[in-house]
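Subject: Structure handover

Hello,

Here is the structure for you to look through. My notes follow below it.

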Amino acid sequence: MPSASSLDAVVIGSGPNGLSAAVTLARAGLSVRVYERNATAGGGMRTEEITLPGFRHDICSAVHPLAFASGFFRRFELEKRVRFVTPTASYAHPLDGGRAAVAYRDIERTADALGRDGAAWRALIGPLARHADEVAQFTGSAIVGLPRHPLVAARLGATALLQGGPWWNLPFRTEEPGALLTGAFAHTTLALPSVAGAAAGLTLAAYGHARGWPVPIGGSQSIADALVADLEAHGGELVTGTEVTSLADLPESRIVVFDTHVRAAARLGEDRLAPSYQRSVSRFRSGNGVCKVDFALSGPVPWANPELNETATVHVGGTRAAVARSEREVARGAIGDDPYVLVSQPSLFDDTRAPAGKHVLWAYTHVPHGSAADRTEAVIRQLERFAPGFRDLILASTSRTADQMELYNPNYLGGDISTGMPDLRQLIVRPVLSPDPWRMPGRGLYLASASAAPGPGVHGLGGYYAARSALRHEFGVTHMPSLAPEE
C-alpha cells in the first residue's frame, strides 16, 4: 500500500455510504482518501458489461426510489448532477390470467385501476405519500429518541402494524392491492408478513406516489461517478484496487471511516475497541441471501399484460399468499419452486444500456444465507409464466449465487445485500443501541455502512451521519458544509 503523509480521514470502501462520508468530510476542508478493493468505485452502484459487449448491467442497485427522498442526496442535489428518467408507473405486479396491479406515480390512477379496492388503497397509502418528506426523515435516521414528526411516525407505525401481521388482507376485497404491496415488502428479504417488512415497503410505496422510482441514465454507476467527481473536486483522493487488511497498512490519519460490514470494521479495529462492543457485534445477525441473474435480450420482455411496460420494476411471484410463502420458505433455509423475483428492465427507459433494439434485464431472487444454488432456471420459469416467450429472447445470461455475492463484495455476508438482517430489532439496534451508532468506541473509528442506522438502501445517509459525528467529535465542526453543486 502506498505511503503517504498524515491525512485527516481515511475511508475504507467506496459504496454510497463511503462516498457520501468522504464527500461530506472533503467539503468541510479535510484531507480525505478513500480505499476501494475493486478496480472501480461504487460498491452497490456499479454498472458493467457482464453478458455481451454493449449490454450494460447494474451489478446491485438498479432503480433508485431513495435518490429523490434521501436527506443526503437532496442536500447533494443529485438531480442536478445525474440525469434520471422517472417512469409513469413506479412498480407493478403481474398475476395469472394476464392480470396485473400497477402502482402509477399518480395515486388516483392507481386507485381507479384497483376498482373496488381503490378507496382502500387511497386511504392506506395516501396519507404517507402526502407526507413523504416526513416519512423519509423518520425512516432515514437512527430510531432512538423522539421523531421530528411524531404524527407521521405514528401513522407509519400503525399502518405497518396493520400490514405486518396475518390480518393484512382485512382492508382489501380483491387480490391485486395485497399483491402489489407484498412485492414492495419483499425487498427486505424478511419472512412475511412482518412489521419491519411492511414499514420498509410502505415507505417505498409512499415514495412511488410522491416522486416515483427513478432510473439513472447510464446506470447506477452514474451516481457513483458524480460522488467521486465531487470528492476529487474538493481535494479528496480515491485509491482503487487496494484491499485494506490491517489498519497498520493505512497512512496515519485522525479518523478512519468504515464503509464495511460491522464485523469487518470490528476485526480491523480490534486493538482499539472495547470487548463489550466486540460482543455486541458478534450478536449482529445476517439476513437471507440473494441470487442475482442478468440477461441480455433480443427484445423487450413480452409481458402478457402490456401495462407492465410502463415501469422499470416488476415484482414477480403471483398472489400475496404465494410471495409470503416463498419468503417464509427461504427464511426456513429452503428453496421453493415458486420464487419471488425482483425484476428491472431499465433499457425500456434508457437506451444507453443496450444496442439498438436490444435490452438488459436485471433480476434477483431470495435464497437462504450462504446458498450456492444457481436460480437462473427458476427465474426464467417465473418470467415465462407471466411473459410467454421470454426464454426465446435470451441472448446470454450470467448469475451470481449468494456465496459468490460475498466473494464479489465482502459486505454481503452469505449474500445478504442488506449488510445485516433488517428486522425490527436490528433497525433499532443497528449495530448497537445508541443515539450515535456511527461512532465506534475506539479512538477515531466510525461506522458508515448499511450495518449502521438507518440501514440498507442507496441513500448515503449512513455515511453522511458518520461524517457529521466525526466532524463534531474529532474536529469541533458543528455547522455542516454545503453539499450543493457550486456554480
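First, a term: a residue is buried under 20% relative accessible area, exposed over 50%, and partly exposed in between, using a 1.4 Å probe and protein chains only. Note that this is a predicted model: local features need pLDDT of at least 70, side-chain atom pairs count only at pLDDT 80 or more, and totals for chains, interfaces and linings use all residues. Residues are numbered from 1 along each chain as its sequence is written, and side-chain values use heavy atoms, with hydrogens and water left out.

**Surface**

Isoleucine 428 has a relative accessible area of 33%, so it counts as partly exposed. Isoleucine 428 sits in helix α16, residues 424-428. Helices are DSSP runs of H or I with at least four residues, strands are runs of E with at least two, and both are numbered from the N terminus.

Ile428 also belongs to a nonpolar surface patch with Leu424 and Leu433. Together they have about 280 Å² of accessible area. Patch residues have over 30% relative accessible area and no salt bridge; nonpolar side chains (Val, Leu, Ile, Met, Phe, Trp, Tyr) are joined within 5 Å, like charges within 9 Å. A salt bridge puts a side-chain nitrogen of Lys or Arg within 4 Å of a carboxyl oxygen of Asp or Glu. Areas come from the Shrake-Rupley method with a 1.4 Å probe.

Alanine 158 lies in helix α7, residues 150-163. Its relative accessible area is 47%, so alanine 158 is partly exposed. Alanine 450 is 292 residues away from alanine 158 in sequence, and 25 Å away in space, C-alpha to C-alpha.

**Cavities**

The whole structure has 4 cavities of 30 Å³ or more. On a 1 Å grid over the protein atoms alone, a cavity is a set of points where a 1.4 Å probe fits but cannot get out; lining residues have an atom within 4 Å of a point.

The largest cavity holds about 50 Å³. Its lining has 6 nonpolar, 3 polar and 2 charged residues. α13 (320-331) gives the largest share, 3 residues. Among the lining residues are Ser326, His366 and Arg375.

**Second largest pocket**

A pocket is an open set of points with protein on both sides within 12 Å along at least five of seven lines. The second largest pocket holds about 280 Å³. Of its 14 lining residues, Gly71, Arg75, Gln137, Arg148 and Tyr465 are closest to the centre. α2 (71-76), α6 (132-139) and α17 (461-475) each supply at least two lining residues.

Best wishes

Note on methods. Grid points are joined across faces, edges and corners, and a volume is the space filled by probe spheres set on the points. Ala, Val, Leu, Ile, Met, Phe, Trp, Tyr, Cys and Pro count as nonpolar, Asp, Glu, Lys and Arg as charged, and the others, Gly among them, as polar.
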